[in-house]
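Here is a set of questions and answers on reading a structure with the definitions in hand. Each answer puts a value beside its definition.

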2 protein chains.
Amino acid sequence: MTQPIRIGILGYGNLGRGVESAVRQNPDMTLAAVFTRRDPQSLRLLTPGVPVYPAAEAPAHRDGIDVLILCGGSATDLPVQTPDMARFFHVVDSFDTHANIPAHFAAVDEAAKAAGTVALISCGWDPGMFSLNRVYASAVLPEGRDYTFWGKGVSQGHSDAIRRIEGVADARQYTIPVPEALQSVRSGACPELSTRQKHTRECFVVLKEGADAARVEHEIKTMPNYFADYDTTVHFISTEELRRDHSGIPHGGFVIRSGRTGWENEHQHVIEYSLKLDSNPEFTASVIVAYARAVARMAAQGQSGCKTVLDVAPALLCPQDPAWLREHML
Amino acid sequence: MTQPIRIGILGYGNLGRGVESAVRQNPDMTLAAVFTRRDPQSLRLLTPGVPVYPAAEAPAHRDGIDVLILCGGSATDLPVQTPDMARFFHVVDSFDTHANIPAHFAAVDEAAKAAGTVALISCGWDPGMFSLNRVYASAVLPEGRDYTFWGKGVSQGHSDAIRRIEGVADARQYTIPVPEALQSVRSGACPELSTRQKHTRECFVVLKEGADAARVEHEIKTMPNYFADYDTTVHFISTEELRRDHSGIPHGGFVIRSGRTGWENEHQHVIEYSLKLDSNPEFTASVIVAYARAVARMAAQGQSGCKTVLDVAPALLCPQDPAWLREHML
């Protein structure tokens with residue numbers, strides 16, 4: 001491809017800014033436009049000279065965009081935006097509500113097939129790079145078991161849940177894998193692990209003035225789904241401490257599969273994939289941008305419909321041509 | 001696929017037996033035949049009821065085989081066998097001489113395209129799973145650097161090199177990553193590492209009666225290409241000790257990429273993939289068998305020509321259908 005791939009961004013939050021930075025690292029791509037539901041005048045992009053348009057006007061700009069990257073949230077934005085935008089654009093989203101992926105896939109596939117576009121959903125690191133590793137490892141070691149651990153990292157959902165408690169001014173929650181559980185899995189022991197045995201949760205909470213710390217701590221630790229099934233630690237800190245020590249958005253985790261081979265299953269193998277990320281949204285954005293390249297290529301091949309990372313041959317992600325990859329990377 | 005994929009094996013050594021065991025772990029496959037250059041009567045398969053034929057007669061059995069797995073060596077067998085067999089069969093090989101992959105690809109591609117077959121080369125863990133991880137990581141973190149470490153594991157080539165020294169009765173060589181180098185890479189420091197700084201070599205040698213241990217040790221440690229550039233340790237042991245403590249063929253290693261994201265490259269990320277393998281040939285065979293499934297599917301789609309792991313969408317490796325994978329693995 002001698003013409004750069006023209007990328008559009010819909011939604012300019014942490015993820016959108018991450019995409020903007022990632023596009024800059026890929027010389028075969030250019031940022032063509034940003035679309036926002038806010039007042040376009042209120043946005044200050046990092047990239048000079050790139051136009052900002054109202055989200056509602058996006059379809060009018062379809063001829064100037066090769067791939068539109070959808071940077072909204074999975075709860076309410078993407079279920080509507082991805083099928084809608086797939087009518088006009090080749091798109092990539094990072095829809096990450098695992099349980100709803102089949103329904104999202106069906107809705108997006110219908111729109112993309114009707115429009116003749118390629119729409120890649122659920123791109124990032126989980127779902128995304130972690131999914132790839134679960135699939136590769138299970139294909140290679142069919143008699144085995146896999147484990148996914150998350151962290152140490154900030155969970156936005158859990159931090160938000162704490163903030164909704166009365167008396168809480170701000171909060172940050174870290175998900176942490178239990179070291180003993182990791183070691184047991186790595187040893188190939190294939191342990192049965194409960195939710196509590198796999199991860200702990202650590203919370204840093206800023207109280208509003210006069211709030212009852214004991215009640216807040218109790219409400220956190222007993223919150224169903226979010227904390228009740230975990231060993232949770234709560235630290236009360238000041239706004240300044242939160243800002244100073246907990247302003248980053250690190251994350252990461254581990255996908256480990258152990259399995260056995262041999263006529264009598266006499267040999268054991270452990271496959272481990274891990275990520276240690278300073279910035280969750282920027283890494284997610286970097287994965288998305290690599291897949292945007294693949295989407296542009298699949299579209300050029302005449303493909304259409306909804307895809308996931310499981311449908312994409314790895315060579316399509318790289319700017320280098322296949323012969324170069326065989327010579328240098330294989 | 002309701003009919004099992006019929007697998008043929010050409011070459012019944014460690015890798016061939018590994019393929020036989022791996023096929024048994026995959027209910028959608030069946031071992032249809034083994035081809036050998038030895039006397040077929042001399043082979044005793046693990047699987048009951050499977051015919052063994054002379055290698056030269058393989059083409060006559062093409063109608064009974066969906067994918068032929070070539071289990072010969074990279075030095076002299078595969079450069080001839082893979083293009084030759086691709087004229088009659090869809091094939092998979094584990095050609096692992098990295099420098100000669102482009103030439104091998106070209107020869108196999110010509111034969112496979114002319115015959116309308118699919119030929120997947122250089123399948124295993126390096127090249128293979130490690131290549132995939134180098135490609136994914138470099139696509140996702142273009143501003144970064146990757147490192148491959150091998151071991152701890154037995155290097156057949158280095159063990160053979162020691163056995164060729166006068167006075168050596170038998171030998172086993174382990175390649176070992178240097179822990180400090182691994183730590184430095186994991187920290188994201190992107191160090192420059194010399195050959196000597198990345199791996200050490202440990203040799204267990206059985207001398208012939210009357211051999212001069214000091215001379216053998218000197219010849220090992222100064223052997224160009226194989227040992228001269230490494231810190232090498234040599235232990236002299238008895239035949240019984242070699243048999244008791246060093247009869248396995250373990251291997252493994254690490255592919256690590258660290259890179260930076262953000263408008264000012266302000267955030268650092270580390271992606272690590274590692275393997276810990278009890279049996280190098282059996283794990284290699286397990287990878288090959290998963291790719292044999294993908295080859296059968298690409299052939300059914302009407303594809304032809306030479307492929308590598310970089311050309312194969314991950315979903316093609318799994319026995320489960322794409323909807324199941326999206327629901328359970330994504």
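Q: How many residues does the contact take from chain B and from chain A?
A: The contact takes 70 residues from chain B and 70 residues from chain A, where contact means heavy atoms within 4.5 Å. This is a predicted model, in which local features need pLDDT of at least 70, side-chain atom pairs count only at pLDDT 80 or more, and totals for chains, interfaces and linings use all residues. Residues are numbered from 1 along each chain as its sequence is written, chains are lettered from A in the order in which they are written, and side-chain values use heavy atoms, with hydrogens and water left out.

Q: What area do chain B and chain A bury between them?
A: About 6,300 Å², of which 62% is on carbon and sulfur atoms. Buried area is the accessible area (1.4 Å probe) that two parts lose on being put together, summed over both. In chain B, the residues that lose the most area to chain A are Gln25(B), Trp263(B) and Leu330(B), together 16% of what that side buries.

Q: What makes strand 13 of chain A and strand 13 of chain B a pair?
A: Two strands pair if DSSP finds at least two bridges between them. Nine bridges join these strands, which run antiparallel, so they count as paired. Strands here are DSSP runs (E, at least two residues), numbered from the N terminus. One of the bridges has Leu275(A) and Ile271(B) as partners.

Q: Why is Gln81(B) called buried?
A: Buried means under 20% relative accessible area, exposed over 50%, and partly exposed in between (1.4 Å probe, protein chains only). Gln81(B) has 12% relative accessibility, so it counts as buried. Leaving aside neighbours within four places in sequence, Gln81(B) is in contact with Leu10(B), Arg37(B), Leu70(B) and Gly72(B).

Q: Why does Ser122(A) count as buried, and why does Asn225(A) count as exposed?
A: Ser122(A) has 0% relative accessibility and therefore counts as buried. Asn225(A) has 65%, so it counts as exposed.

Q: What is the phi of Ser122(A), and what is that of Asn225(A)?
A: Phi of Ser122(A) is near 60°, and Asn225(A) has a positive phi of about 65°. Most residues other than glycine have a negative phi.

How values were computed. Helices (H or I, at least four residues) and strands (E, at least two) are DSSP runs, numbered from the N terminus.
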